[in-house]
Amino acid sequence: MRDNPNLSSEQIDRIRSVAQLRSVQTGEVLYEPSQPDVPLFIVLEGSVSISRTGEDDKILAVREANQFTGEMSVISGKRSLLNARVTGDGSVLELSRDKVLSLMAKDTELGEIFMEAFVARRLLMIQLGEGNVVLFGTKSSARTLALREFLTRNAHPFTYVDIDSDSLAGDMIEKLAVRNSEIPVVYCNNRYVLRNPSIAELAQCLDLNINTDKSVRDVVVVGAGPAGLAAAVYAASEGLRTLVIERSAPGGQAGSSSKIENYLGFPTGISGQELANRSIAQAQKFGAQIMVAQSVVHIDTSRQPYKIVLASGLKFNAHAVVIATGAQYARLPIEDTDAFTGRGIYYNATYMEAQLCDSEEVIVVGGGNSAGQAAVFLAQSSAKVHLLVRSQKLSDSMSQYLIGRIEAHPRIEIHYRTRIIGLRGAGHLEQIEWRDDALGESKSSPIRHVFVMAGAAPRTEWLEDSFVLDNKGFIVTGPDLAGFLAGDQWSLPRAPLLLETSVPGIFAVGDTRAGSVKRVASAVGEGSMAVHLVHRYLAERAEQHASARQSLTTATPARV
């Protein structure tokens with residue numbers, strides 16, 4: 001089985017040289033949820049049970065001779081979600097996290113076995129809802145939806161309890177001394193009760209950013225969409241000390257897509273969430289560190305290494321920076337839009353949102369690929385999907401396969417030159433008013449769910465004046481900077497590199513970059529290309545420093 005493979009004696013022999021041999025006795029705890037940097041244990045004799053914490057200490061798996069413990073927390077360095085307890089006297093081989101990462105890098109066969117098992121075990125935990133989080137909420141709560149999305153997009157296992165439909169919810173809420181007015185509530189680590197927490201508070205309780213040290217990084221990547229994750233994978237795999245900082249959860253706009261069918265190598269398609277999860281695991285396998293629910297608010301470009309300042313007050317130094325903050329869908333230009341966000345207005349179209357509008361009519365706003373993918377996906381479970389397009393045709397950038405499916409689908413109706421002009425509802429969206437500009441007619445419809453997938457704007461409001469932006473706020477890079485930079489605004493004798501911003505050594509990739517192609521494959525390509533340019537920039541700096549030291553040595557007379 002992929003989640004519980006048996007190692008051969010020859011494979012175990014290869015591990016012995018980097019592992020510590022330990023005798024263990026029944027009842028001994030090898031690790032528990034409060035422990036970060038979880039070691040990996042190879043069972044030689046005896047057995048080890050894997051269990052969740054709580055009142056029942058439910059046993060989820062048993063590792064016997066020639067099997068091993070651990071899941072994704074081993075390579076991420078985050079706290080374990082489970083207990084490992086010896087259930088039969090014997091012996092084990094113990095490997096620290098650093099030894100595991102080193103072994104996976106050097107031994108391809110063992111690396112594949114460990115990685116497949118770690119990923120499969122985490123996926124099983126997610127499917128079973130076995131973790132250290134219980135979320136109490138309601139379908140009508142925008143905060144509940146935001147917390148569910150955050151946990152899901154961070155691949156963090158959790159149990160969701162709907163207090164309106166779960167017969168046992170009342171007893172559990174009473175036991176935790178929680179009032180309905182405090183919903184959503186998170187029971188975290190079987191110890192802490194968080195009442196209506198923010199995303200940052202939840203991330204802190206789960207220690208999602210543990211072990212992020214203050215050492216100088218070769219490169220800091222700001223943003224964990226496809227471009228940022230690609231940069232992280234390539235940078236870490238090539239030996240660069242890499243830190244990724246993401247303001248919400250990994251995946252970017254692509255993470256909100258139910259299925260991407262034109263991404264190279266996936267003929268049956270892949271969800272944006274799965275693509276992000278695989279990329280995170282890949283980056284962490286090579287040693288990249290990933291921080292979530294942290295916003296970068298300033299880059300001090302007056303010094304080297306550059307100082308990256310977070311809203312939380314944390315600061316990190318880096319020799320090079322890759323900005324991959326992506327773009328966000330524009331809010332509907334209508335009063336009360338924000339009040340209905342998560343209560344009928346959505347900016348993601350995944351299984352989670354689809355559950356909220358099963359068998360109902362829905363609206364998708366937009367004419368590009370994201371809107372097309374959302375319309376096709378929602379049509380599987382919705383009574384009808386109205387696709388509202390501002391222009392007279394679907395976007396020139398929409399893939400032909402999507403256009404064909406949309407036009408042929410019996411439950412999708414396209415409304416050209418149509419826009420939403422009003423929203424009504426008490427607590428939740430209950431009715432929308434839309435206008436057909438071609439006919440000059442307006443009408444109201446009792447539609448309770450609108451998915452907005454149009455008008456992407458860059459997330460560059462935090463950048464300082466030292467960065468050149470175009471008139472829409474996208475970051476100008478490379479040769480395009482020639483029309484913007486004055487003679488004293490560029491400090492190097494060479495011209496800016498292809499993806500380099502107006503600040504040497506700081507690069508922009510993906511949707512945040514002016515002139516980028518709005519495709520996942522293009523973003524991944526730019527992220528990987530940026531790492532090549534980072535290497536070039538770092539080599540230039542090293543050469544300059546060496547030259548400066550040589551000049552200083554030459555200029556200083558020898559002492560006799």
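**The disulfide, the cores and a buried serine**

In this predicted model, Cys188 and Cys205 form a disulfide in which the two sulfur atoms lie 2.3 Å apart. Because Cys188 belongs to strand S8 (residues 185-188) and Cys205 to helix H7 (residues 199-205), the pair ties together parts that are 17 residues apart in sequence. The torsion about the S-S bond is about -120 degrees, so the disulfide is left-handed, and a search of the whole structure finds one disulfide. Both partners are buried, Cys188 with a relative accessible area of 0% and Cys205 with a relative accessible area of 13%; Cys357 is also buried, with a relative accessible area of 0%.

In soluble globular proteins, nonpolar side chains tend to be buried together. Here the largest nonpolar core comprises 70 residues, and those with the most contacts inside it are Phe150, Ile299, Ile308 and Ile323. When neighbours within four places in sequence are left aside, Phe150 is in contact with Ile199, Leu202, Ala203, Leu208, Ser248, Ala249, Val292 and Ala293. Apart from this core lies another, of 44 residues, which includes Ile334, Val364, Val365 and Leu387.

Ser279 sits in helix H9 (residues 272-285), and it counts as buried because its relative accessibility, 16%, falls under the 20% cut-off. The side chain of Ser279 reaches the backbone oxygen of Leu275 at 2.8 Å, while, with neighbours within four places in sequence set aside, Ser279 is in contact with Leu229 and Val233.

Note on methods
Residues numbered from 1 in each chain as written. Predicted model: local features only at pLDDT ≥ 70, side-chain atom pairs only at ≥ 80, totals over all residues. Heavy atoms only, no water. Core = buried A, V, L, I, M, F, W, Y, C linked by side-chain atoms within 4.5 Å. Buried < 20%, exposed > 50% of the residue type's maximum accessible area, 1.4 Å probe, protein only. Contact = heavy atoms within 4.5 Å. Helix = DSSP H or I, 4+ residues; strand = E, 2+ residues; numbered from the N terminus. Polar contact = N/O pair within 3.5 Å; in protein donor to acceptor, adjacent residues only side chain to side chain. Disulfide = S-S within 2.5 Å.
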